[in-house]
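Here is a short briefing on how two chains meet. Take a look at the model first, and then we can go through the interface together.

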Amino acid sequence: MSPDNVQVPEWAWYYIAVYFFVAGTSAGAYFIGAMEELFSSAKEREVSRAACYVAFPLLLLVPIPLIADLGRPGRFWHLFIYNQGGYPYLNLQSPMSVGSWVLLVFGVCTLLSFLDNLVADRVISFPLFSRYYNRIPRKLYALVGSLAGFFIAGYTGVLLNVTARPFWAATSPLMGALFLVSGASTGAAAISLYLIWRQRNAGQEVARLESFDRALMISELLLIAVLLVLAGHTAQLLLTLPFLVIFWLGAVALGIAAPLWFKYRSRRQHFGGVPHLAHYLCILAGGLLLRISLLQAGQL
Amino acid sequence: MAKGMFIDTTICTGCKSCQVACKQWNGLAAEPAHFGKRSGVTYPVADNFTGDSYDNTGSLSATDWRHVRFIEQIDEQRREKRWLFSSDSCKHCSDAGCLNACPTKAIVRTDLGNVVVQQETCIGCKFCIPSCPYGVISFSEESGTVHKCTLCNDRIHNGLGTACAKACPTGSIRFGEVADLRRRADARLAQLKGKGEKAQIYGYEEADGLKVFYLFTDRPGVYGQPEHPIVPQRRLVLCSLVTILTALGIGVAALVNFRERLNGKEEHHES
Ligand code: SF4
Ligand code: SF4
């Protein structure tokens, strides 16, 4: 299929790739927090607390680029309500339609978890709310929220795969998987950065987070390799400038390979300090550059 | 009683009547980028020479819902030549990628089987654009929405044929019931094959059947059509499954790393 056959959506990277990144990071962070909430020791809550403080504010940023990229931003509510009939509308064949609804569900869960932590940390207190506080099924929304979060991180890649643009089509069915793994990894980095910023020493928890992230980053490298094999000649653009810099040097080398090597090297060192900060920043920047390059390579 | 069009490219003369009729009936503006101001010239100057034979618009766009493609085939010695024409538009697919992709129900199918964009519902998300395997649907900066051929929705719902078919002087574009058009296409195909010509119908199988289909005398790619178009949403199940499996994998990795609670005692965090 020649690229001439299929028109380019001209999605602006500074809106759409940034949205993919922010939503994926928020979702990844929330998932990690939910996992700790569900499976870890009740005394160790630094990571799940940090996850909730990261996920919700990040998610608040999400609608801005999404709506800004629309040709008619004022009509964004049509994503939920069919304007001509006035009833809710969901198109199961369209990842964008399902994604919009799941974003709502995810938003509610991250908000609840955020409030939950504010109450636990005694930042806010409502007398009436506090009375019923312990009856809140926080495990339920941790579960629903992490499933929704997974959907959010993955559907952005699926959305690209189910188009007819040659590169995006050729990388089917792996883009969703890659975005998911990358979202979990950038989510872990965002949590770690939050802990550094708040100077929370989460000890064992961070060690667990690090070993989880190592597995993620290895999978990410493998997924990228298979994805490029699948893409074949449609990925030729990635061998030209500026993709040599943003994809190979930025996303792969500095965003995944270097931090992974660093993680192995400092496995036995204690948490905290400037070198760690830099490697988390590299992971985040790499996640953003990965999405920018995969979005743009399908559009040029 | 689905309506459609049969484009017999073998009798098209490339006169562009269909292009003009489409623009006129649908009130479509001239392609803005094709006219430019020149210093010292009071009127806009057309700089819309594509350099591609007599093609003046280049491709389908938000203001060009029909495009006549000029295909010049000249052999290396410049002795043999063939000039092909193909009048292209939306195919009104039975399984339409654009319609499947639309998150707002802005793209709908009418009772006559044609696919139309409801301008007042479209939000301009542009997801339908890469979802059409034929590169038909286009975004307009001016309206902030997408546009394409409607199969002259207003005309056909009032008992008229499409404007392009009406204007076509050679009968290369036929409007009618899809079943009738298929009979006509089969007969023409048999006639050409009887004369030993290499001919084929494009659009019987593709996307569950195109309501606007073509008779070609060369490969579809020569006419600018994808050889093996795939409705992209048919990849949805596989992509979703692989993503779900990956999610499960990450879940297991998380469980291995965060599993302490499985062995520890359940106690709630302090409120
Ligand atoms: S040709 Fe493209 S725009 Fe027309 S109905 Fe098919 S998918 Fe939609
Ligand atoms: S059917 Fe109508 S809208 Fe479509 S190309 Fe022909 S004249 Fe234009």
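How many residues of chain A are in contact with chain B, and how many of chain B with chain A? The answer is 71 residues of chain A and 65 residues of chain B, where contact means heavy atoms within 4.5 Å. This is a predicted model, in which local features need pLDDT of at least 70 and side-chain atom pairs count only at pLDDT 80 or more, while totals for chains, interfaces and linings use all residues. Residues are numbered from 1 along each chain as its sequence is written, and side-chain values use heavy atoms, with hydrogens and water left out.

**Buried area**
- About 5,700 Å² is buried between chain A and chain B, with carbon and sulfur atoms giving 59%; this is the accessible area (1.4 Å probe) that the two parts lose on being put together, summed over both.
- In chain A, the residues that lose the most area to chain B are A:Asn5, A:Gln7 and A:Phe39, together 12% of what that side buries.

**Polar pairs and elements**
- Between chain A and chain B, 26 residue pairs are in polar contact (both at pLDDT 80 or more); such a contact is a pair of N or O atoms within 3.5 Å, where within protein one must be able to donate a hydrogen and the other to accept it, and residues adjacent in sequence count only if both atoms are side-chain atoms.
- Helices of chain A that give two or more residues to the side touching chain B include H1 (13–39), H4 (95–120) and H9 (204–231); helices are DSSP runs (H or I, at least four residues), numbered from the N terminus.
- H6(A) gives the most to that side, with seven residues.

Key: Chains lettered and ligands numbered in written order.
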